[in-house]
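Subject: Structure for your review

Dear colleague,

Please find below the sequence and structure that I am handing over to you. I would be grateful if you kept the structure open while reading the notes.

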Amino acid sequence: MKHFLTLAIMCALVSCGGAKSGDNPFFTQWEGQFELPPFDEIHPGHFEPAFKEGMRRQRAEIDSIAGSIEIPTFDNTILAYDRSGAMLSRVARVFGTLTSADTTPELEKIKTALSPLQSAHSDAIALDERLFRRIKAVYDSRFNAGLNEAQIRLTERVYDRFRRNGALLDGAQKEELRKINEELAMASIRFESNNREALNGYVMTVHRREEVDMPQGVVSRAVERARELGKPDSMAFTLSKPSWIPFLTYNKDPELRKRLYDAYLNQCAAGTQWDNSGVINDIIRLRTAKAKLLGFETFAHFVLDERMAGTPERVYEFLDEIWEPALYRVRKERDALRNLKRREIGDGFAAMDAFDWWFYAEKLRKERYHLDEEQTRPYFALENVRTGIFTLCNTLYGISFRPIADAPVYNKDVVVYEVLDADNSHLGVVYMDFFPRAGKGSGAWCSSLRSQGYTPEGEKIHPITTITCNFTEPVGDTPSLLTLDETETFFHEFGHAIHNLFADVPYEGLLGTERDFVELPSQIMENWAFAPQMLDRYAIHYQTGEKIPDELVRRIVESSQFNQGFMTAELLAASLSDMDVHTQAVPPFDVAEFERVALREKRRLIPEVEPRYRYPYFSHIFDGGYAAGYYSYIWAEVLDKDAFEAFVESGDIFSRTVANDFRYKVLAPRGLRNGMELFLDFRGAEPSREPLLRGRGLLADSVRSAVKTEREGLVPAPPDSVLRAILNEPR
């Protein structure tokens, strides 16, 4: 599952030995044309003095603002605060990149030691009464101080950030909040550490005879892994997606499929070596206490107070509108797979199991559409997909990409490109890191080593963004050949990178957008990935150089809605699980039982489908910034599908005119305005759910499921919400 990882800013000091400031790269101006991080010179010993100095500088900056005897103004208070902590941010971004993508035991030790100190440093600023008095003074007079729209927006954001961080609490409450934040920081690190250890610690080895009917690429990668483990006659499979999904898709042995899938589902479960159930209880308990201390009913209410959705009730209403048609559709898909299994096994037929889904779905796809993913892989070599994305960005926006061969990198697999704007001016730099390895988190994400900004002299600071994935690795002479899902993920993450590169706001505090808006720039890119006009440009056989055949394109397009009930249901199940756990007010609880009751009994999720993530390894919500926000993916899909309609309506999905409109009205302004205002400026109307339902093949099922639900009396039918969504009628 793709997803956009928010790296925690580690803002503190730890004693781990190391360098003096004289030879510490963080104490000097970075050399080179683009001032890239000198990864080849940075080692763990540099972080202690760098964090220490960064903290000292920011504390001095804050003291200067808070202790000023001048009348509070935008420049001497809000702007000064926005510019504080530059060195600390630089250190933290490099440290965050390393600990998420290429960590070591030494770095993890540093990270654990830094966590409580980071929390204390952040709270010392957020709860500084002198600083907040000055911020509030500017906030209270913002409409009478001659400020422009951006200055007012930043003032409101800064004030609201302090309010949500406890600035209005009394002394005893602030001390309680400090303790909660410190404990939360440590709990999040424990969760992440357990998750990584469980992910990297499991390997299932099977004898080579099991390779029968498995694609050669899958076999070759598994053999290579086993050889690295000293087992040359075996194949090795892990819990990373490029390993376990192909195994479940192609291996005929149901017992082996069950073993690997059970291992995946039980990562960090209660009673296992890396048990996260207690950590989850701690996190929910602490988050709930924090929300109540700040005046909110639950943590979900606290989070959603600053999101587009607004309230948990609105999120539930939105998810429920899609849940019923998805459930209706996934039951139909289950029945089709069960019939296929019955035909294949005959008298020995047993019920469908969750670990059967990928195996029989692939069989059914071949039967219905004559489409085998191993047929498509040769046309989606990583290099070709990257070229296709570069071509798309050039067509839409006129930007181009130039490799930086001598760029310092943190791992040999990382490649770096300069990005040039349509007028050939420098736009930014993008790092790309594609393959799984020990010390790297799972999934895919985009982050920044440097954000867009402006110097006090008005010179633009160009962004340095990173794309990190876990794609199928090359083996021997065979390059990395991506699955359709991996291809879509690459387009998705590149959309985040484009959002970072196109940012053009005057203040760093205006770079952020609502979490349920931030997936729009990434997900809209997915719409081009398999469009026939786009495939014709980049899907080229890595051996023959031939374009993908029209017949294969037709099958890809025709099968685009295949298995969408399953994909939608597992995504919504995870989204609902996230909301459920963050609307709890009375922890502790049995994590597994809570999930089972909510999904199986209350919402009738069929046993053949598991949520995309179970709580014990749901890193998005427990250490990845998506707490009470995982619904954002499907919420933003409403936005992205409707936004892409603008290209369709123009008669040219590569329209430069529409693309530039999207760039300058949605991507560049970022947090200058709220997300819905940006969307309305681009589309001229509120988003319709119809393109989403149509794209997932749920449009007709929406009506059928609403009628079926009401007739069977399973739950009260939503009054008219589903039909309104389909007909695009106003609420």
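The chain has a mean pLDDT of 90, and 92% of its residues reach 70 or more. Where pLDDT is low, the predicted coordinates should not be read in detail.

The pair consists of helix 13 (residues 312-345) and helix 21 (residues 564-582), whose axes lie 8 Å apart at an angle of about 150°. Their crossing is left-handed. Among the residues that make the contact are W323 and R329 of helix 13, together with F566 and L572 of helix 21. By type, the residues of this contact comprise 14 nonpolar, four polar and four charged.

Helix 21 is mostly covered, with 18 of its 19 residues buried.

The histidine is H121, which is found in helix 4 (residues 105-126). Is H121 buried or exposed? H121 has a relative accessible area of 8%, and because buried means under 20%, H121 counts as buried. The C-alpha atom of H121 is separated by 7.6 Å from that of M55, although these two residues are 66 residues apart along the chain.

Yours sincerely,
A colleague

Note on methods. Residues numbered from 1 in each chain as written. Predicted model: local features only at pLDDT ≥ 70, side-chain atom pairs only at ≥ 80, totals over all residues. Heavy atoms only, no water. Axes fitted to C-alpha atoms, helices over the stretch in contact; angles between N-to-C directions. Helix = DSSP H or I, 4+ residues; strand = E, 2+ residues; numbered from the N terminus. Left-handed = near helix turned anticlockwise from the far one by under 90°. Contact = heavy atoms within 4.5 Å. Nonpolar A, V, L, I, M, F, W, Y, C, P; charged D, E, K, R; others polar. Buried < 20%, exposed > 50% of the residue type's maximum accessible area, 1.4 Å probe, protein only. pLDDT = per-residue confidence, 0-100.
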